[in-house]
Amino acid sequence: YIVIECAYNYDSTAEREMLNYLAAKKVDGVILLPVNEEDTMYTSLQEMKIPVVFVDQYPAFLERHPVDVVQSDNENGGKKLAEYLISKGHRRIGIISPAEYS
């Protein structure tokens with residue numbers, strides 16, 4: 001397999017361009033961290049028989065346009081990471097995250 005990675009920096013126009021590019025390349029599948037949960041561009045890919053999997057976000061129109069979704073368990077993952085660091089003797093633990101999630 002050849003993996004094509006596309007970066008669109010949370011720009012919905014760039015995302016759409018990348019999805020059109022991938023469709024034109026007739027890729028075997030798309031793993032997508034979508035910018036806009038209301039965009040149904042992924043349904044165009046599905047209509048072309050290109051499987052789509054969303055990461056960490058359910059689309060707004062999931063009932064009308066089903067898509068597979070893989071979600072992280074961030075809360076449990078963070079707890080396990082903190083427990084591990086504490087078990088190694090660390091006590092001053094910080095986290096860096098995007099501003100909108102702080």
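User: What is the average pLDDT of the protein chain?
Analyst: The model is predicted, and the chain averages a pLDDT of 85. Of the residues, 92% score at least 70.

User: Which elements have the lowest and the highest mean pLDDT?
Analyst: Helix 2, residues 41-47, has the lowest among the elements, with a mean of 85. Helix 3, residues 74-87, has the highest, at 93.

User: OK, the fold. How many helices and strands?
Analyst: The protein chain has 3 helices and 3 strands. Along the sequence, the pattern reads α-β-α-β-β-α.

User: Is that chain a compact globule or more spread out?
Analyst: More spread out than a compact globule, because its radius of gyration is 17 Å, well over the 13 Å that the globule rule gives for 102 residues. The C-alpha atoms fill a box of roughly 55 × 30 × 25 Å along the principal axes.

User: And what share of the residues is buried?
Analyst: Of the 102 residues, 22% count as buried.

User: Switching to aromatics. How many pairs?
Analyst: The count comes to 1 aromatic pair. The partners are tyrosine 42 and phenylalanine 54. Their ring centres are 4.9 Å apart.

User: Why is that pair called edge-to-face?
Analyst: Because the ring planes of tyrosine 42 and phenylalanine 54 stand at 70°, and planes over 60 degrees apart count as edge-to-face.

User: Which parts does the pair tie together?
Analyst: Tyrosine 42 lies in helix 2 and phenylalanine 54 in strand 2, residues 52-55, so the pair links parts that are 12 residues apart in sequence.

User: Are those two residues buried or exposed?
Analyst: Tyrosine 42 and phenylalanine 54 are both buried.

User: Now the surface. Which residues form the nonpolar patch?
Analyst: Ile2, Ile4 and Tyr21. Together they have about 340 Å² of accessible area.

User: Where is isoleucine 2?
Analyst: Isoleucine 2 sits in the segment before helix 1, which spans 12-24.

User: Why does isoleucine 2 count as exposed?
Analyst: Because its relative accessible area is 79%, and exposed means over 50%.

User: And tyrosine 21, where does that lie?
Analyst: Tyrosine 21 lies in helix 1. At 40% relative accessibility, tyrosine 21 counts as partly exposed.

User: How far apart are tyrosine 21 and asparagine 74?
Analyst: In space, 31 Å from C-alpha to C-alpha. In sequence, tyrosine 21 and asparagine 74 are 53 residues apart.

Conventions. Residues numbered from 1 in each chain as written. Predicted model: local features only at pLDDT ≥ 70, side-chain atom pairs only at ≥ 80, totals over all residues. Heavy atoms only, no water. pLDDT = per-residue confidence, 0-100. Helix = DSSP H or I, 4+ residues; strand = E, 2+ residues; numbered from the N terminus. Patch = residues over 30% accessible without salt bridge, like charges linked within 9 Å, V, L, I, M, F, W, Y side chains within 5 Å. Areas by Shrake-Rupley, 256 points an atom, 1.4 Å probe, with all protein chains shown as cover. Salt bridge = Lys/Arg side-chain N within 4 Å of Asp/Glu carboxyl O. Buried < 20%, exposed > 50% of the residue type's maximum accessible area, 1.4 Å probe, protein only. Phe/Tyr/Trp six-rings, centres within 6.5 Å; stacked < 30°, edge-to-face > 60°. Rg over C-alpha atoms; globule rule 2.2 N^0.38 Å.
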